[in-house]
Amino acid sequence: MTPDFHIEVPGSASKVLLHACCAPCSSAIVECLVKNGVRPVIFYSNSNIFPFEEYGHRLDECLRYAQKWGIEIVEDDYDHHAWEGCAAGLENEPERGGRCLQCFKFRLLRAAEYASAHGFEVLTTTLASSRWKNLDQVNEAGRWACAQVQGVSWWDRNWRKGGLQERRNQIIKEENFYNQLYCGCEYSQRD
């Protein structure tokens with residue numbers, strides 16, 4: 001069963017960039033947006049994911065799901081070395097700690113820069129669908145990233161609400177998605 005609710009894009013924007021961390025987190029959001037007449041472009045920016053084989057596996061699942069919906073997906077450059085620089089000194093932080101905030105800022109700034117350069121008016125992220133993420137950190141990072149560029153607004157929607165969390169779980173089973181067991185970075189594997 002799909003969630004049955006109406007969403008409105010902030011400012012009635014016509015172009016939405018959806019930063020995506022993985023297919024499971026993207027699934028119900030993409031379905032919801034499309035069924036509400038919004039065709040987002042997915043921006044896959046995840047230099048935090050390690051090792052590279054894991055990055056590729058998650059990307060392949062995102063590509064498969066985007067293709068199913070006829071949604072464009074843009075792959076950002078994978079630069080794990082630059083990501084390590086943003087996490088330097090925070091390696092021992094727990095999940096949902098300071099390292100995660102810096103990671104979100106790193107990835108969402110890249111998304112905001114892409115959005116600004118390509119005429120997107122609104123940016124949102126699938127990070128806001130994961131119960132493992134601190135929603136306040138996600139929104140702080142998104143607002144900060146959009147403030148660094150011109151013409152892009154942060155859509156701080158809680159993508160866990162309105163039946164989307166339940167629908168996400170259904171889609172994971174229906175699509176037989178690879179559902180990773182850790183956030184993505186080498187430090188999250190400890191937890």
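Select asparagine 176 to begin: at 63% relative accessibility it counts as exposed, where exposed means over 50% relative accessible area, buried under 20% and partly exposed in between (1.4 Å probe, protein chains only). Its phi is near 55°, a positive value in a residue other than glycine. Asparagine 176 belongs to the segment after H6.

This is a predicted model, in which local features need pLDDT of at least 70 and side-chain atom pairs count only at pLDDT 80 or more, while totals for chains, interfaces and linings use all residues. Residues are numbered from 1 along each chain as its sequence is written, and side-chain values use heavy atoms, with hydrogens and water left out.

**The whole chain**

Zoom out and show the cartoon. The chain holds 6 helices and 5 strands, in the order β-α-β-α-β-α-α-β-α-β-α from the N terminus. Helices (H or I, at least four residues) and strands (E, at least two) are DSSP runs, numbered from the N terminus.

Along the principal axes, the C-alpha atoms fill a box of roughly 45 × 40 × 25 Å. Of the 191 residues, 55% are buried. Among contacts (heavy atoms within 4.5 Å) between residues at least 6 apart in sequence, 80% join residues at least 24 apart.

**Helix H1**

Select residues 23-35, which form helix H1. H1 has 13 residues and reaches 18 Å from its first C-alpha to its last, close to the 18 Å expected at 1.5 Å a residue; the expected span is 1.5 Å times one less than the number of residues. Because 12 of the 13 residues of H1 are buried, H1 is largely enclosed by the rest of the structure. Among the buried residues are Cys25, Ile29, Cys32 and Leu33. The buried residues of H1 pack against S1, S2, H2 and H6. Just after H1, select glycine 37, which takes a positive phi of about 80°.

Move on to phenylalanine 50 and proline 51, joined by a cis peptide bond with omega of about 0°. Proline 51 sits in the loop between S2 and H2.

Now select residues 52-69, helix H2, whose 18 residues reach 26 Å from the first C-alpha to the last, close to the expected 26 Å. Its buried residues include Glu54, Arg58 and Glu61, along with Tyr55, Tyr65 and Trp69. To see what covers the buried residues of H2, show S1 (16-20), H1, S2 (41-44), S3 (73-75) and H6 (164-175), which are included in that cover. Glycine 70 follows H2, with a positive phi near 70°.

**Arginine 96 and helix H4**

Next, pick arginine 96, in the loop between helix H3 (80-87) and H4. Arginine 96 has a positive phi of about 75° although it is not a glycine. Its relative accessible area of 39% makes arginine 96 partly exposed.

Finish with residues 98-117, helix H4, where 20 residues reach 29 Å from the first C-alpha to the last, close to the 28 Å expected. H4 is largely enclosed by the rest of the structure, because 14 of its 20 residues are buried.
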